[in-house]
Amino acid sequence: MIKKIIVLTFFCFYTLFSFSQDKNQNPDLMTLVKDLIKTEKTGQNMKQVWWLPNVYWEVALKDSPLGSQGLIDEINSIFKDYSLFVILDAELTAFSGINKNEISNLELKVNGKTLKPLESYSDDIQGMINALRPMFSKMLGEVGENIEFFVFDNSFENAISPLKESQFSLNFNDSNFEYNLPLSSLVSEKICPVDNKRHNGSWKYCPFHGETLIQDN
């Protein structure tokens, strides 16, 4: 089964990078990916974080001819108690290419807990990471060759959930990347009771009128 997961890993990430060619194709995946990737650019420095929760695989595979509920369940089982992040910190220059910076002081802060990345994990997780590395390199070239993968424990009470109201941050190299949950791409839009305009489903109040937004059912 792990071989099939490797094939689907390529398929899913190919979809991730090709969706922008047709905005009407896989809109759910497109908006989800926008929520999952955070980028910070300062001069020639670029830092990027990709959060890959189980829901990503569920959305990416749900309409795929290669996917199945059994495969989705297996991926969910592999990462059931873990959070996977892909991180880049590099200097992008016109003449010397990409100079990778070492990731230091990496911390995941969630619900009052401060977590460090795990130093060891299961063979299945390592197999997925090994499959992802060449895919990133093929799609992103030198940038993909300089990314790093980190796994965190997510088995504690009030663990990270893309659909649960919460917030967490991933911090490294003097930069902070915050995720506000639930992810707006996964919840229905809300309606302002004043003008009936639709707004981000993760918002509580209308940014223009201050009124409590109503869930669109």
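Is phenylalanine 168 buried or exposed? Phenylalanine 168 has 1% relative accessibility and counts as buried. Here buried means under 20% relative accessible area, exposed means over 50%, and partly exposed lies in between (1.4 Å probe, protein chains only).

## About the model

This is a predicted model, in which local features need pLDDT of at least 70, side-chain atom pairs count only at pLDDT 80 or more, and totals for chains, interfaces and linings use all residues. Residues are numbered from 1 along each chain as its sequence is written, and side-chain values use heavy atoms, with hydrogens and water left out.

The pLDDT is the predictor's confidence in each residue, from 0 to 100. On average the chain reaches a pLDDT of 83, and 85% of the residues score at least 70. Helices (H or I, at least four residues) and strands (E, at least two) are DSSP runs, numbered from the N terminus. Confidence is lowest in helix α1 (residues 2-18), with a mean of 53, and highest in strand β7 (residues 148-153), at 97. For residues 19-27 the pLDDT is below 50, and this stretch has 5 contacts in the model beyond near neighbours in sequence (contact means heavy atoms within 4.5 Å). Where pLDDT is low, the predicted coordinates should not be read in detail.

## Rings that meet

Let's return to phenylalanine 168 and its partners. Rings of Phe, Tyr and Trp (its six-membered ring) pair if their centres lie within 6.5 Å; planes under 30 degrees apart count as stacked, over 60 as edge-to-face and the rest as tilted. The whole structure holds 8 aromatic pairs.

What kind of pair do phenylalanine 168 and tyrosine 179 form? Their ring centres are 4.9 Å apart and their planes are at 10°, so the pair is stacked. Ring pairs join Trp51, Phe85, Phe152, Phe168 and Tyr179 into a cluster.
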